[in-house]
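Here's a quick briefing on how this chain is put together.

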Amino acid sequence: MERCCADGYDKIKTLSGQAPTEGKVVMKVSMKQISEITGVSMATVSNALNYKRGVNADTAARVLKAAHDLGYFDESRITKLKFVTFKRNGSVVEDTPFFPLMLTGIEQECRENGMDMVMSSLDVRDADYEEQVRNLLSDKSSAIVMLGTEMMAEDTKLLKKITNPLVVVDYWNGEMSFNSVQINNEDSVRYATRYLIEKGHTEIGYLKGNFRITPFQTRGAGYRSAMRRANLPVREEYTLTVGTTMDSAYTEMKKHLERNVKLPTAFIADNDIVALGAMKAMTESGIRIPEDVSIIGFDDLPFAAVASTPLTTLYVPKQEMGRIVARRLREVIKGDTVTTKIYVSTVFVERDSVRTL
């Protein structure tokens with residue numbers, strides 16, 4: 001806890017005549033008391049608590065943290081779960097069946113526990129993005145699930161401003177201040193790469209999405225780690241960058257093939273969409289899957305099993321992941337103060353897109 005908040009407990013003890021018990025707030029503090037505790041003027045405290053413009057970011061963060069730690073925000077007012085999709089360019093979180101399946105799990109868990117779920121979004125491309133943020137921060141009736149797939153390191157500043165119960169999904173950057181649920185990306189791809197090696201492949205490439213979200217970065221790390229452990233080179237010419245939508249992955253792969261690039265015997269792809277788009281381009285160019293090139297995807301989206309060559313991939317238990325997210329958020333609402341990072345493991349699904357050399 002920051003020093004201002006530790007001092008605040010001492011002042012609360014003086015004001016109330018008793019010390020708060022661990023994990024509980026024994027009295028409702030006022031803005032005046034927060035002003036005394038933080039050394040910030042009443043006007044500035046009011047502006048910070050109401051998320052108005054003109055308050056220094058560090059000052060606002062100090063006021064909000066003190067207010068949250070000392071019980072200014074009444075968590076008993078929380079009546080719903082707000083699922084917020086964070087968008088930087090939308091190329092990963094839009095038009096994919098992955099997230100609707102996860103949402104089904106969250107919605108089922110909410111319904112079984114008498115909570116409402118509402119949908120929202122934050123889109124950095126929008127002119128009113130700052131207004132979207134203020135509206136989110138000012139809603140104290142909701143616990144928040146933040147879909148952070150498209151978040152970058154600088155967006156941690158936003159997460160630190162949220163005082164509502166919060167669980168972040170599909171994003172992590174080493175920051176220890178927020179709860180998260182994420183896929184075990186690195187270990188999963190390491191396993192898939194080892195599988196290719198055991199099938200006799202030594203020239204293994206990487207189909208790399210051009211928008212380097214954190215999950216893709218950790219999947220790339222898993223690929224490189226497996227190659228190093230097997231004493232196999234990671235050859236730069238075998239890493240092909242493509243788009244992260246089906247159409248853009250297809251288009252970019254076509255461009256690579258038109259340059260007559262030398263292909264490895266197998267590829268690990270960042271996800272199924274990248275894999276299937278690239279497979280379509282290769283097939284149209286006369287490259288046979290898996291006879292000429294083997295491919296492994298990630299996610300096990302519904303259409304992976306019915307592709308022209310059914311795709312070997314890593315299955316993510318999407319609905320159960322959604323339930324885990326909702327359960328963790330309920331624990332936070334109830335007062336669990338331990339910050340956790342939950343990893344959901346994948347299941348390897350062997351189909352027809354890999355051959356044994």
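This is a predicted model: local features need pLDDT of at least 70, side-chain atom pairs count only at pLDDT 80 or more; totals for chains, interfaces and linings use all residues.

The protein chain has 12 helices and 12 strands, and 52% of its 357 residues count as buried. Among contacts with a separation of 6 or more, 71% link residues 24 or more positions apart.

**The six-strand sheet**

- Start with the open sheet built from six strands, which line up as β2-β1-β3-β4-β5-β11 with parallel pairing.
- The edges belong to β2 (116-123) and β11 (341-344); each has a single partner strand, so one side of each is left without a neighbour in the sheet.
- On average, and ignoring direction, neighbouring strands here are turned by 20 degrees against each other.
- Strand β1 (residues 80-87) runs parallel to β2, and eight bridges join the two.

**The four-strand sheet**

- There's also an open sheet of four strands, again with parallel pairing, in the order β7-β6-β8-β9.
- Here β7 and β9 (294-296) sit at the edges with a single partner strand each, so one side of each lacks a neighbour in the sheet.
- Neighbouring strands of this sheet are turned by 25 degrees against each other on average, direction ignored.
- Two helices pack on it: α10 touches β6 and β7, with its direction at about 135 degrees to that of β7, while α11 touches β6, β7, β8 and β9, with its direction at about 160 degrees to that of β9.

**A closer look at β6**

- How many of the six residues of strand β6 are buried? Five are, which leaves β6 (residues 204-209) mostly covered.
- On one pairing, β6 runs parallel to strand β8 (residues 266-269), joined by four bridges. Gly205 has Phe267 as its bridge partner in β8, and Leu207 stands opposite Ala269 of β8.
- On the other pairing, four bridges connect β6 with strand β7 (residues 239-242), also in the parallel sense. There, Tyr206 has Thr239 of β7 as its bridge partner.

**Helix pair α10 and α11**

- Helix α10 (residues 246-258) and helix α11 (residues 272-284) have axes that come within 7 Å and cross at roughly 45 degrees. That angle makes α10 oblique to α11.
- The crossing of α10 past α11 is right-handed.
- On the α10 side, the contact is made by Met246, Ala249, Tyr250, Met253, Lys254 and Leu257. On the α11 side, the contact residues include Ile273, Val274, Leu276, Ala281 and Met282.
- Sorted by class, the residues of this contact between α10 and α11 are 11 nonpolar, one polar and three charged.

**Helix pair α8 and α9**

- The axes of helix α8 (residues 185-198) and helix α9 (residues 214-229) come within 7 Å, crossing at roughly 40 degrees. That makes α8 oblique to α9.
- This crossing, with α8 passing α9, is right-handed.
- From α8, the contact uses Asn185, Glu186, Val189, Arg190, Thr193, Arg194 and Ile197. From α9, the contributors include Pro215, Thr218, Arg219, Tyr223, Met227 and Arg229.
- By class, the contact of α8 with α9 has seven nonpolar, five polar and five charged residues.

- Thr156 belongs to helix α7 (residues 156-161).
- Is Thr156 buried or exposed? Its relative accessible area is 5%, below the 20% cut-off, so Thr156 is buried.
- Apart from neighbours within four places in sequence, Thr156 is in contact with Tyr171, Asn173, Glu175 and Phe178.

How values were computed: Residues are numbered from 1 along each chain as its sequence is written. Side-chain values use heavy atoms; hydrogens and water are left out. Axes are lines fitted to C-alpha atoms, for helices over the stretch in contact, and angles run from 0 to 180 degrees between N-to-C directions. Angles under 35 degrees count as roughly parallel, over 145 as roughly antiparallel, 65 to 115 as roughly perpendicular and the rest as oblique. A crossing is left-handed if the near helix is turned anticlockwise from the far one by less than a right angle, and right-handed if clockwise. Contact means heavy atoms within 4.5 Å. Ala, Val, Leu, Ile, Met, Phe, Trp, Tyr, Cys and Pro count as nonpolar, Asp, Glu, Lys and Arg as charged, and the others, Gly among them, as polar. Two strands pair if DSSP finds at least two bridges between them. Buried means under 20% relative accessible area, exposed over 50%, partly exposed in between (1.4 Å probe, protein chains only).
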